[in-house]
Amino acid sequence: MNPEKVVFGFFIVLALTLNFGFFVGDIENPDHHHLYELYAVVVVNLIATVLKFGDRSQMGALLLATSLVAMLQLLAAAIVWALAEHVYGAGLTPVVTASIVSLSGGAMLANVISVILLIIETVMLRR
Amino acid sequence: MNRSGLENIAFLIVRRMRQPLLTLIAVYAVSILGLSLIPGRDADGNVWHMSLFHAFYFVSYMATTIGFGEIPYAFSDAQRMWVSLSLYASVIAWIYAFGTILALVQDRTFQDALAENRFARRIRKMREPFHLICGYGETGTALVKSLTDRGQHVVVIDIDEERTNVIQLQDLRDFVPALNGDAGVTQHLREAGLQHRSCAGIVALTNDNEANLKIAITSKLLNPGLKVICRADSQDVEENMASFGTDHIVDPFETFGNHLAVAFQAPCLYLLQSWLTGVIGSALSEPVYPPRDGHWIVCGYGRFGKAVCRRLAAEKIRVYVIEAHPEQTGQPESDFVHGRGTEAVTLQEAAIEGAAGLVAGTDNDANNLSIVMTARELNPDLFVVIRQNEHDNEDIITAVGADMIMHPSAIIANKIRVLLATPMLYEFASLALYEADSWSCELASRVSGLVRDQVPHIREWTIDAQQTPALHAHCSAGGEFSVGDLLRDPWQRYERLPAIVLLVRRDGDPVLLPDLETELGVGDRLLICGSGVAFTRITWTVSHAHTLEYVRTGVDRPQAWFWRYLKGRQEDQKK
């Protein structure tokens, strides 16, 4: 067992599960989407991205690309939240909530691809 | 082709920064989370939780120790405790990150990757023809010096870092890019411009025969049109190199053997050759006449001794060989004395008293000097040939006053310099071999008349648009121009410049010492020797249309519009 692979797989899967947890629920209802969950998703995704740095293989490049996409979506969601809550003071209206959740949904898709790639790599390694 | 170098650097940075970045993210995440969870009190004393956005803002300036104060409300003690903890944690994380970056910048691999990348970029930007020299030892140093002195561009690869570092400290006339690396590695040769379109030739001079072989074969495969010159110290390596078309293989011992043979058969030609191939600024050498009236003694029967013995045998001269280790070098066919030659007894066994010549050719300079001094005591009239192995011993070898000195590095450097800069000189020498020696003697006295006591300058000229723009334009337009016109002084056309046209080559036909009436045409290649001043003046003639006009006709035409106009009016009035 390679401890590095365990940590790597752990963070990639955790990024997906947290992302899913934030995403599920009524898309316009802020009560279904806890802010701290978004925070955790951002942090775990950041860690997953950095873990993918410095892998020269084709698979490594693809993994890094999906992570960068996820980060882009999540940071956009975080900025939308900060703008709505602090800059404009509008609070989490249904429109704002919907856009935050849909952005995180896009990030989730990227995370799903990440996990699929990880599985493919593992299967190929077994063979 | 050099992208991989840059990618390596980026890859190296990213990989090393992974750990510090993870630490930073973790510290930030925990600090922000903690700040947003710990309750504080606002100005009115109500319980207040810092929002994640504010916590991120606060941690961002706290971690970089900028510190704007407790915003937006004064902190509670619990918050302060948490901030103190995370402050130290984040500062340590930043120090760790910066430390890693600084260590990376100083890292050897990183520095090497940067240097290699810089070097490759510089080579890509080269626009003028350059020669690639592999190996910057004694020979390489001498070659680079003499090539840059003649205004040629050079790129150097050497495996030893000390040698490549020392290049920039040497007083060379041109900047010489140097790569520290194994020239046997294809990637290094590529980076140094093996496939560059301005690369004019590659010279393999490393002290490793295998490496030279590898360089030659790589060059011939990757750039078949390139001129490849190799140093070879053994017969089988030489044959191997020749088998795949290496253009020139330089064996210092055979080369010196050739010199000796020429000195025997045509002393004046030998003198002429040594003047024409001499290093600029050195004095004209004296003629040597190797004697035939007696036997020769050759000390040391290595590669050098064997080459000399072959030439002496061809001259039908009796040879005594003195060798200390005949079991290693092989037993010579001629008369043989076992010993080192440094003691009088061995020399007397080889009948030193009646000998005409002595070759001190061992691979040890001290022994060679000792042989020469002992032998001179026994027979003061000896003709002495001494082999110099180390460059540092130059002074003492010169002091012993031998008739001929054989210094392998100098011989190789000299030969390669001529091959690269003035290859026509070799053609000239081989044509001159067919002439009687009196022809060479006459030419030698003419050459010594051109230059007082220093070696003459020598240069090749092709009549084309780049090297001789004015002459090329004149000849393309159907104008006539003879060798005599070329040698007219552009300051005073009835004066003759101190220069001699040695060889003219037209459509593959060489003309040795063309007379002054010989007409020149487009595409002709000229080999000219003379004083430095003569070359400056000839450059004027062939590059400026008006100078050319004056040299040809004696009429100094006005150049500017106004003077042409005045002159035209004058001529009209005369009519």
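Predicted model: local features only at pLDDT ≥ 70, side-chain atom pairs only at ≥ 80, totals over all residues.
Let me start with chain A, whose secondary structure comes to four helices and zero strands, so that, when one reads along the sequence, the pattern is simply α-α-α-α. Chain A has 127 residues, and buried residues make up 34% of them. If we take the contacts in chain A with a separation of 6 or more, residues 24 or more positions apart account for 70% of them.

Chain B, by comparison, has a secondary structure of 24 helices and 20 strands. Of its 575 residues, 36% count as buried, and among the contacts in chain B between residues at least 6 apart in sequence, 66% join residues at least 24 apart.

Now to the place where the two chains meet.

I would like to turn next to the helix packing in chain B, taking one pair as an example. Helix α10, residues 252-265 of chain B, packs against helix α12, residues 303-314 of chain B, at an angle of about 30 degrees and with the axes 9 Å apart. Because that angle falls under 35 degrees, α10(B) is described as roughly parallel to α12(B). The crossing of these two helices, α10(B) and α12(B), is right-handed. From α10(B), the contact is made by Phe253(B), Glu254(B), Phe256(B), Gly257(B), Leu260(B) and Ala261(B), while the residues that α12(B) brings to it include Phe304(B), Ala307(B), Val308(B) and Ala314(B), together with the arginines Arg303(B), Arg310(B) and Arg311(B). By class, the contact of α10(B) with α12(B) consists of eight nonpolar, one polar and four charged residues.

Staying with the helices for a moment, consider Trp275(B), which is found in helix α11, residues 267-276 of chain B. Is Trp275(B) buried or exposed? Trp275(B) has 20 C-beta neighbours inside 10 Å and therefore counts as buried, given that the cut-off is 20 or more. Leaving aside residues up to four places away in sequence, Trp275(B) touches Leu284(B), Ser285(B), Val447(B), Val455(B) and Pro456(B). As for Glu286(B), that residue is 11 residues from Trp275(B) in sequence and 9.6 Å from it in space, C-alpha to C-alpha.

Let me move on to the strands. Chain B contains an open sheet of six strands with parallel pairing, in the order β11-β10-β9-β12-β13-β14. At the edges stand β11 (335-338) and β14 (404-406), each with a single partner strand, so one side of each has no neighbour in the sheet. Neighbouring strands of this sheet are turned against each other by 15 degrees on average, direction ignored. Within the sheet, strand β12, residues 357-360 of chain B, pairs with strand β13, residues 383-387 of chain B, in the parallel sense over four bridges, and the bridge partner of Leu358(B) in β13(B) is Val384(B).

The strands β18(B) and β19(B) form a hairpin with two residues between them, and Asp507(B), in the turn, has a positive phi of about 50 degrees.

In strand β19 of chain B we also find Val511(B), which is partly exposed because 15 other C-beta atoms lie within 10 Å, a count that lies between the limits of 12 for exposed and 20 for buried. Val511(B) touches Val504(B) and Thr518(B), again not counting residues up to four places away in sequence. Between Val511(B) and Val501(B), which are 10 residues apart in sequence, the C-alpha to C-alpha distance is 10.0 Å.

Key:
Residues numbered from 1 in each chain as written. Chains lettered and ligands numbered in written order. Axes fitted to C-alpha atoms, helices over the stretch in contact; angles between N-to-C directions. Parallel < 35°, antiparallel > 145°, perpendicular 65-115°, else oblique. Left-handed = near helix turned anticlockwise from the far one by under 90°. Contact = placed C-beta atoms within 7 Å. Nonpolar A, V, L, I, M, F, W, Y, C, P; charged D, E, K, R; others polar. Pairing = 2+ DSSP bridges.
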